Amino acid sequence: MKNEKSVLYQYKRIAVKIGSNVLTRKDGTLDITRMSALVDQIAELHKSGIEIILISSGAVASGRSELKEHKKLDAVSSRQLFSAVGQAKLINRYYELFREHGISCGQVLTMKENFATRRHYLNQKHCMDIMLENNVIPIVNENDTISVTELMFTDNDELSGLIATMMDMEALIILSNIDGIYNGSPDDPKSTVITEIKNGKNDLSSYIQTHKSSFGRGGMLTKCNIARKVADEGITVIIANGKKDNILPDLLQIGSKMVCTRFLPSSKAPSSVKKWIAHSAGFAKGEIYINQCATEMLLSPKAISLLPIGITQIIGDFEKGDIVRIFNHKNEAIGLGRASFDSNKARKLIGQQGAKPLIHYDYLYLD
Ligand SMILES: Nc1ncnc2c1ncn2[C@@H]1O[C@H](COP(=O)(O)OP(=O)(O)O)[C@@H](O)[C@H]1O
Ligand SMILES: N[C@@H](CCC(=O)OP(=O)(O)O)C(=O)O
């Protein structure tokens with residue numbers, strides 16, 4: 001499709017995640033100039049016909065800029081206070097900035113629990129589908145005011161991965177304060193950006209410095225793990241520098257030479273239910289341990305369901321339809337699935353021949 005400047009872009013449907021570090025100045029306050037520049041770029045892409053979902057951090061930073069004086073607070077309280085004030089200010093800014101381009105945007109606040117059941121998942125999907133159909137740009141963030149401690153996403157990278165898969169986007173662009181993933185310390189002049197990461201098992205952990213940057217929550221390692229998982233589901237993931245001028249149009253042009261790290265997508269995308277299950281580890285209610293033979297069968301190229309005969313132990317209580325984690329005979333987590341019946345019935349059937357599968361192949365996701 002052609003835009004005003006006749007630029008050809010690579011995708012028609014993208015999710016863009018703007019990280020805390022992109023939107024935050026050194027003193028922790030919101031960088032409105034950067035925000036405005038990114039809105040201009042998104043507006044340009046939107047006008048060229050690309051459907052865009054924005055996952056934007058910045059609520060806490062925005063609240064911090066607003067409430068210069070406040071009582072002494074612990075970490076949870078300050079996050080709740082800053083995000084309550086900051087999210088209102090953040091979305092208001094986006095609203096005004098997009099309005100200058102004649103574009104409507106809408107707010108979607110969510111939390112981990114909203115992905116836990118298939119029904120909640122589909123409700124959220126419907127909300128964003130309807131926004132896109134009506135030319136509205138969804139701006140998604142975690143509902144930081146009530147999502148605390150164990151209910152929280154690791155960070156907005158995890159949330160953006162869930163959104164990109166749920167909405168069947170062609171690409172997820174993760175904008176951070178760095179050009180991509182370096183093959184060493186980013187501060188070392190000998191390090192260079194890894195431009196392409198092929199699908200499959202690549203261990204990048206030796207490259208990643210574990211210290212976190214000033215305002216990011218998860219760090220580069222979570223970004224990589226999420227990126228690989230999303231790419232396995234058939235979506236291209238690009239990590240690029242959101243602080244660079246005109247980064248989005250430059251990055252997405254056909255034949256772009258812009259420096260970034262690109263995770264190449266798998267050509268075999270799983271079904272929509274399997275994608276949901278793949279991102280459900282945080283909501284698993286039980287643990288299913290299986291023997292070596294069952295492990296080998298499940299990992300074989302054939303479409304095999306998990307039968308009670310291969311189960312050795314069940315930990316935890318779950319209902320029919322809940323997500324459970326699967327462990328091999330070496331107690332290593334190998335995947336997730338949706339239980340076809342509850343834990344009481346499953347326990348009674350352990351090791352039995354001829355019983356119905358506890359996890360049907362269609363509801364089984366292996367790492
Ligand atoms: N090998 C690496 N390549 C690139 N960045 C790295 C690497 N190791 C650690 N990092 C750090 O990861 C940071 C980005 O992650 P994060 O703090 O989560 O950002 P964001 O807020 O944008 O999500 C970078 O600023 C960088 O300091
Ligand atoms: N939801 C929070 C940001 C959460 C977060 O983890 O951000 P990031 O480090 O950009 O992935 C906020 O709006 O301030």
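**View 1. The largest nonpolar core of the predicted model, with 47 residues.** A nonpolar core is here a set of buried Ala, Val, Leu, Ile, Met, Phe, Trp, Tyr and Cys residues joined through side-chain atoms within 4.5 Å, where buried means under 20% relative accessible area, exposed over 50% and partly exposed in between, with a 1.4 Å probe and protein chains only. The residues with the most contacts inside this core are Ile53, Phe115, Met128, Ile163, Ile181 and Phe263. Two or more residues come from each of β2 (51-56), α5 (118-133), α6 (156-166), β5 (171-176), α7 (220-232), β7 (236-241) and α9 (272-278), and the largest share, 6 residues, is that of α7; helices (H or I, at least four residues) and strands (E, at least two) are DSSP runs, numbered from the N terminus. Because domain 1 (13-273) and domain 2 (284-366) both give residues to this core, it lies between them, the domain bounds being taken from an automatic or database domain assignment.

**View 2. Surroundings of Met128.** When neighbours within four places in sequence are left aside, Met128 is in contact (heavy atoms within 4.5 Å) with Ile53, Val108, Pro138, Val140, Ile163, Met166 and Met167. Apart from the core of 47 residues lies another core, of 38 residues, among them Ile52, Ile91, Ile238 and Leu248.

View 3. The structure holds 0 disulfides, a disulfide being a pair of cysteine sulfur atoms within 2.5 Å. For Cys105 the nearest cysteine sulfur, that of Cys127, is 13 Å away, and Cys105 is buried, with a relative accessible area of 10%. For Cys224 the nearest cysteine sulfur belongs to Cys260 and is 13 Å away, while Cys224 is buried at a relative accessible area of 2%.

**View 4. Pro270 in the loop between β8 (261-263) and α9.** With a relative accessibility of 22%, Pro270 counts as partly exposed. Leaving aside neighbours within four places in sequence, Pro270 is in contact with Asp232, Glu233 and Lys275, whereas Pro270 and Ser206, 64 residues apart in sequence, are 29 Å apart in space, C-alpha to C-alpha.

**View 5. Residues 286-359, annotated in an unreviewed UniProt entry as "domain: PUA".** Over residues 286-359 the chain is 20% helix and 28% strand, with the end C-alpha atoms 13 Å apart. UniProt positions follow the numbering used here, feature names are shortened, and annotations may be inferred rather than shown by experiment.

**Notes.** Residues are numbered from 1 along each chain as its sequence is written, and chains are lettered from A and ligands numbered from 1 in the order in which they are written. In this predicted model local features need pLDDT of at least 70, side-chain atom pairs count only at pLDDT 80 or more, and totals for chains, interfaces and linings use all residues, while side-chain values use heavy atoms, with hydrogens and water left out.
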